Amino acid sequence: MAEKRQPAKPKTDSDRASLALAVVAAGWLVPGLGHLLLRRRGRALVFFLGVGTLAIIGLALRGNIFSPSLSDAFDMLGFFADFGAGIFYFVSKFIEHGGPDVSRAAGDYGTRFFATAGVLNLLCVLDAHAIARGRKD
């Protein structure tokens, strides 16, 4: 029977904090990458596919992708939700040529799908952070 490989554990609190910071940055930028760095391949795949699917559906439905704006609190919340999607947010800015189509229900659903992708990715980052700090297995 093959032994299960355990991830290398940092020895000191500063090592653990450095690992956690790297995991958070990587996990935010590419969904699931933080878990992959922690050798949690199953979670990494599930999180990447989940966030990616939500983001792609949101883009396909031509949802509104918020830009940073200090004029309205709800626009700012929308921006933080969208920005949480990491690389998908930056990709969306390049492929959003026609602009959002929120005149139809599909466009409004697209806005919600993309925001959900961002919030889900932020939750995945928090999970990876807890694992990296040793608070969760």
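The secondary structure here comes to six helices and zero strands. Along the sequence the pattern reads α-α-α-α-α-α. Before going on, please note that this is a predicted model. The protein has 137 residues, and 33% of them count as buried. Take the contacts between residues at least 6 apart in sequence: 71% of those join residues at least 24 apart.

First, α3 with α6. The two helices pack at an angle of about 160°, and their axes are 7 Å apart. How do they run relative to each other, parallel or antiparallel? An angle over 145 degrees counts as roughly antiparallel, and α3 and α6 are therefore roughly antiparallel to each other. Their crossing is left-handed. On the α3 side, the contact is made by R43, F47, G50, V51, L54, A55, I57, G58 and L59. On the α6 side, the residues are G110, F113, F114, T116, A117, L120, N121, C124, D127 and I131. Sorted by type, the residues of this contact are 12 nonpolar, five polar and two charged.

Now α3 with α5. Which residues meet? From α3 there are F48, V51, G52, A55 and L59, and from α5 there are F88, S92 and I95. This contact of α3 with α5 has six nonpolar residues, two polar ones and no charged ones. V51, A55 and L59 of α3 are also listed in the contact with α6, and here they meet α5.

Next is helix α4, residues 73–83. Which of its residues are buried? They are G78, F79, A81 and D82. Looking down the axis of α4, these buried residues fall within an arc of 165°, so they line one face of the helix. On the other side of α4, A73 and L77 are exposed. As for what the buried residues face, they pack against α5, which is residues 87–95, and α6, which is residues 105–132.

The helices pack at an angle of about 65°, with axes 6 Å apart. F80, A81 and D82 of α4 make the contact with F114, A115, G118, V119 and L122 of α6. By type, that contact divides into six nonpolar residues, one polar and one charged.

Let me turn to the loop between α3 and α4. S67 lies in this loop. Is S67 buried or partly exposed? At 38% relative accessibility, S67 counts as partly exposed. Setting aside its neighbours within four places in sequence, S67 is in contact with F79, Y89 and K93. F79 is one of the buried residues of α4. The C-alpha atoms of S67 and F79 are separated by 5.7 Å, and the two residues are 12 apart along the chain.

The loop between α3 and α4 also holds R62. R62 has a positive phi of about 60°, although R62 is not a glycine. With a relative accessibility of 36%, R62 counts as partly exposed.

Where is R39? R39 is placed in the loop between α2, residues 33–37, and α3. Phi of R39 is near 65°, which is again a positive value in a residue other than glycine. R39 counts as partly exposed, at 45% relative accessibility.

The last item concerns helix α1, residues 13–29, where A25 is placed. A25 is partly exposed, with a relative accessible area of 45%. How far apart are the C-alpha atoms of A25 and V125? They are separated by 8.4 Å, while the two residues are 100 residues apart along the chain.

Methods. Residues are numbered from 1 along each chain as its sequence is written. This is a predicted model: local features need pLDDT of at least 70, side-chain atom pairs count only at pLDDT 80 or more; totals for chains, interfaces and linings use all residues. Side-chain values use heavy atoms; hydrogens and water are left out. Buried means under 20% relative accessible area, exposed over 50%, partly exposed in between (1.4 Å probe, protein chains only). Helices (H or I, at least four residues) and strands (E, at least two) are DSSP runs, numbered from the N terminus. The arc is that of the directions from the helix axis to the C-beta atoms. Contact means heavy atoms within 4.5 Å. Ala, Val, Leu, Ile, Met, Phe, Trp, Tyr, Cys and Pro count as nonpolar, Asp, Glu, Lys and Arg as charged, and the others, Gly among them, as polar. Axes are lines fitted to C-alpha atoms, for helices over the stretch in contact, and angles run from 0 to 180 degrees between N-to-C directions. Angles under 35 degrees count as roughly parallel, over 145 as roughly antiparallel, 65 to 115 as roughly perpendicular and the rest as oblique. A crossing is left-handed if the near helix is turned anticlockwise from the far one by less than a right angle, and right-handed if clockwise.
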